[in-house]
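Dear colleague,

I am passing on the structure we spoke of, together with some notes on its side-chain contacts. Please look it over before you read on.

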Amino acid sequence: MSIPSGITTAADVGGDVRLECGAVIVGSGAGGATMAAELAEAGVDVVVIEEGGYHPTGSFTAESARALRTLYRDGGGGLTVGRPWVMFAEGRCVGGSTVVNGGMSWRTPVQVLDRWSAQEGVRAITEQDMEPYFARAEARHSVGLQDPETIGRDSELLKAGAAAKGWSLVPNRRNQLHCAGTNNCLSGCPTGAKRSMLVTSVPHALALGARLFADCRVERVTRDRGAATGVTGYFVRPGGGRGPRLTVRAAAVIVAGGAIQTPALLARSGLRSASGQLGRNLSLHPNANVTAFFDSDVTGWHGVHQAFQIREFMAEGLILTADNLPPPMLAAVMPAYGRELGELMADYNRVVTAGPLVTDSGAGRVRNIPGLGTQVFYRLADAVAARLVRGVELTAEALFAAGARRVLLPFDGAPAVRSPGELRDLLARPVPKRSIQVYSIHLMGTARMSEGPRRGVTDSYGAFHGVPGLVVADASLFPGPTGINPMETVIALAMRNAQRLIEQRDRYGI
Ligand SMILES: Cc1cc2nc3c(=O)[nH]c(=O)nc-3n(C[C@H](O)[C@H](O)[C@H](O)COP(=O)(O)OP(=O)(O)OC[C@H]3O[C@@H](n4cnc5c(N)ncnc54)[C@H](O)[C@@H]3O)c2cc1C
Ligand code: SF4
């Protein structure tokens, strides 16, 4: 594998490395890579540090077990503490979660922007303020509708179900250029059609002179007289052991490790927020999976997943989609074991997997616990649990309307249901909260923006209150859930906040 010029991996490093630069960026995902590209365009000397490895497009295959091992943190099996626990996934590779995500690209809803402005006093966040950044994000990442021939039967069945129920539905907007519909998005796009950071902002920044260090974990943000001065970390050996050390001295430190790792890094660096909100307000957009069996082949792996979103219930905080979970992921969430699980999985070719994306209430918290490392606590609020159950019921109704013969619900011990009547009977009794099998791929809100230092970890542009030279640039910044796929919000905010940094470059010394 040839490594592009500008990228240094652990294999290239023989001893400790010391560097100086204008801006050091922790993380190369949606926020970090965007910052890198924007600052490099303005002539800033940028160094990006990424804990994960460099895996080019040509290395991606349909083998999801390999992808979980190489592209995800903890094999994609993060777990929250709480009942029910929530399984969550974070990307860990050059390009971050954008390499493994589904590619849905939506602007932040105007009501959400208005709420952030009204509740947290976030400046310059109206729809008009954000329009140029959304447009720039969409142009850079080729956001648009799918070519029709790439839409699979699983999505068409959900669409038919929505039509039968009279529910409104929209075609999904994705960051893709002539996607081939191979449905490997969660294992890395093997054609490069998905315009992730790996094939957009990372090479753009490198071409403009940015340097990227992969396989390198940042341990601490360093400070001098209260101001951020750089980072320290170490290269990760193939087995996970510590390799040579890396020390970077920088005029500006930009942390973009994602909504779990960013507060963990800042807290272990000894940073405190006067607001007390660092690590708090974690939102997860809880998901639960409905598995429907049809009489004939669906072959849901043909055609892109989530080609449509049912938007009928958006005002209630619910979006419904078909997501074609790959076999290992479906097996992990199926309510069965042993032979029974084997029999269910044998029918994989006749299955549609679908479910709700639920707006939640920011009831999670990230903490570093001595001896245990970073832990994620999350309490599924009663109202959110009820919304999740309703989303499951609506998804199952749509799938029955499309012709499903049997539906499995994501509730421990729940029997398979074979008709809308059985579904109604089952859900007439309350579903115990702890029995819901919840997972999440949208992590947000743990270093929220607010103009007020008593409420927010950062100001309206991601500058950490009270620590000169320190900026946050990822999904941690959201002062509440977006209620919709969050990537484009992360990118647009990073573009806007980079613009602010560039305007203030004399103050930062970059
Ligand atoms: C499976 C999956 C599917 C998704 N589908 C969609 C979708 O279809 N549409 C959508 O809008 N959103 C989707 N998302 C969510 C979206 O990808 C994220 O919201 C977005 O990427 C978050 O950007 P970020 O910059 O906060 O973090 P990330 O993109 O996760 O990037 C963080 C990077 O920082 C690195 N890092 C962390 N800590 C350190 C450290 N200490 N030292 C060095 N590096 C570090 C990580 O390794 C990682 O590469 C999905 C996510 C997943 C996991
Ligand atoms: S479905 Fe499209 S975007 Fe996803 S992996 Fe296949 S070609 Fe890439």
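The notes below cover charged pairs, then aromatic rings.

This is a predicted model, in which local features need pLDDT of at least 70 and side-chain atom pairs count only at pLDDT 80 or more, while totals for chains, interfaces and linings use all residues. Residues are numbered from 1 along each chain as its sequence is written, chains are lettered from A and ligands numbered from 1 in the order in which they are written, and side-chain values use heavy atoms, with hydrogens and water left out.

A search of the whole structure finds 22 salt bridges (a side-chain nitrogen of Lys or Arg within 4 Å of a carboxyl oxygen of Asp or Glu). One of them joins Arg217 to Glu51, with the closest N and O atoms 3.2 Å apart. Because Arg217 lies in strand E10 and Glu51 in the loop between strand E3 and helix H2, this pair ties together parts that are 166 residues apart in sequence (helices, H or I and at least four residues, and strands, E and at least two, are DSSP runs numbered from the N terminus). Arg217 is buried, at a relative accessible area of 17% (buried means under 20%, exposed over 50% and partly exposed in between, with a 1.4 Å probe and protein chains only).

Arg107 forms a salt bridge with Glu131, at 2.7 Å between the closest N and O atoms, and Arg107 also meets Glu138 in a salt bridge, at 2.8 Å from N to O. Since Arg107 lies in the loop between E5 and H3 and Glu138 in helix H4, the latter pair ties together parts 31 residues apart in sequence. Glu138 is buried at 12% relative accessibility, whereas Arg107, at 30%, counts as partly exposed.

Turning to the rings, the structure holds four aromatic pairs (rings of Phe, Tyr and Trp, the last by its six-membered ring, with centres within 6.5 Å; planes under 30 degrees apart count as stacked, over 60 as edge-to-face and the rest as tilted). Among them, Trp116 and Phe478 form a tilted pair, 5.4 Å centre to centre and with 40 degrees between the planes; both Trp116 and Phe478 are buried. The rings of Trp301 and Tyr348 have their centres 5.7 Å apart and their planes at 5 degrees, so this pair is stacked.

Finally, the charged end of Arg500 sits over the ring of Tyr461, 4.0 Å from its centre (CZ of Arg or NZ of Lys within 6 Å of the ring centre and within 35 degrees of the ring normal).
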